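Let's walk through this model together, starting inside and then moving to where the chains meet.

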Amino acid sequence: MPEARDPTLDALLAAERAEYAKRSELRVAEIVTLLRAGDSSGARRGAHKLSGSAGTYGYPWLSKAARAIETALVRGEPVGQGLIDDLRSAGAAVLQSVGETP
Amino acid sequence: MTPATVLVVDDDEDIRRLISFALERVGHFRVRLAADAQQALALVQEERPDVVLLDVSMPVADGPQTLSLMRAIPSMRDVPIAFLTAGVEISESDSPNAHRSVAALLRAGACDVIAKPFVFEELCERVRRLVPPTVVR
């Protein structure tokens with residue numbers, strides 16, 4: 001049986017996750033801006049960081065969408081509108097999950 | 001008694017926040033944070049940590065380079081250093097990160113390689129195992 005965790009700890013973690021959700025909106029916007037500016041290197045770094053942090057904060061779908069962009073950039077492939085739309089949708093879903101309107 | 005001190009080096013502020021939360025609140029460790037190699041090297045010369053967690057992908061000096069720089073400091077020769085990486089799964093031969101396999105990171109001198117995302121309790125337990133027996137875990 002898993003160990004019961006302190007409810008205070010869970011409340012604090014929920015607050016951290018909600019704060020992260022708000023910050024992730026900015027991270028998504030930064031990646032899209034970098035892609036539009038043709039800054040592949042900056043976009044790859046941003047996508048790598050977002051992929052790692054989103055997964056760690058418990059938002060695997062955002063992590064996956066960011067990783068798809070990172071993988072395309074690492075392979076030198078074009079980042080299509082579909083991948084960008086997926087990233088935006090995933091970011092919006094993160095915000096909605098904490099009761100925020102994108 | 002003073003709890004073990006863990007130095008976390010990661011350029012991502014979001015990750016630093018969450019690791020700090022996990023190690024302090026769940027693991028009851030004392031945590032110091034650095035955003036890059038330069039900050040980390042300044043901190044270890046100020047105070048020797050009991051364990052270091054180093055992100056692999058960092059600008060300027062990456063994890064393996066930072067590890068080498070730390071090992072060159074006499075007081076840091078025996079301090080357990082583990083890598084944190086979200087890139088373990090990047091093992092495709094055409095990836096520029098392919099050299100960063102777990103085996104390569106261990107060969108670089110790491111005591112452990114911890115994948116992101118992580119489970120709080122697992123992260124704390126792995127850090128606890130790295131803390132030398134003479135220090136409060």
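I19(B) touches V8(B), L53(B), L84(B), F118(B) and L123(B), leaving aside residues up to four places away in sequence; contact here means heavy atoms within 4.5 Å. This is a predicted model, in which local features need pLDDT of at least 70 and side-chain atom pairs count only at pLDDT 80 or more, while totals for chains, interfaces and linings use all residues. Residues are numbered from 1 along each chain as its sequence is written, chains are lettered from A in the order in which they are written, and side-chain values use heavy atoms, without hydrogens and water.

I19(B) is also one of the residues that touch the most other members of the largest nonpolar core, which has 48 residues; the others are L62(A), L87(A), L23(B), L53(B) and L123(B). Such a core is a set of buried Ala, Val, Leu, Ile, Met, Phe, Trp, Tyr and Cys residues joined through side-chain atoms within 4.5 Å, buried being under 20% relative accessible area with a 1.4 Å probe, protein chains only. Another core, of 21 residues, lies apart from it and includes V9(B) and M58(B).

Now for the meeting of the chains. The contact takes 19 residues from chain A and 22 residues from chain B. About 2,000 Å² is buried between them, 57% of it from carbon and sulfur atoms; this is the accessible area (1.4 Å probe) lost on putting the two parts together, summed over both. Chain A and chain B share 4 salt bridges, each a side-chain nitrogen of Lys or Arg within 4 Å of a carboxyl oxygen of Asp or Glu. K49(A) forms a salt bridge with D11(B), with the closest N and O atoms 3.6 Å apart.

Terms used: Buried < 20%, exposed > 50% of the residue type's maximum accessible area, 1.4 Å probe, protein only.
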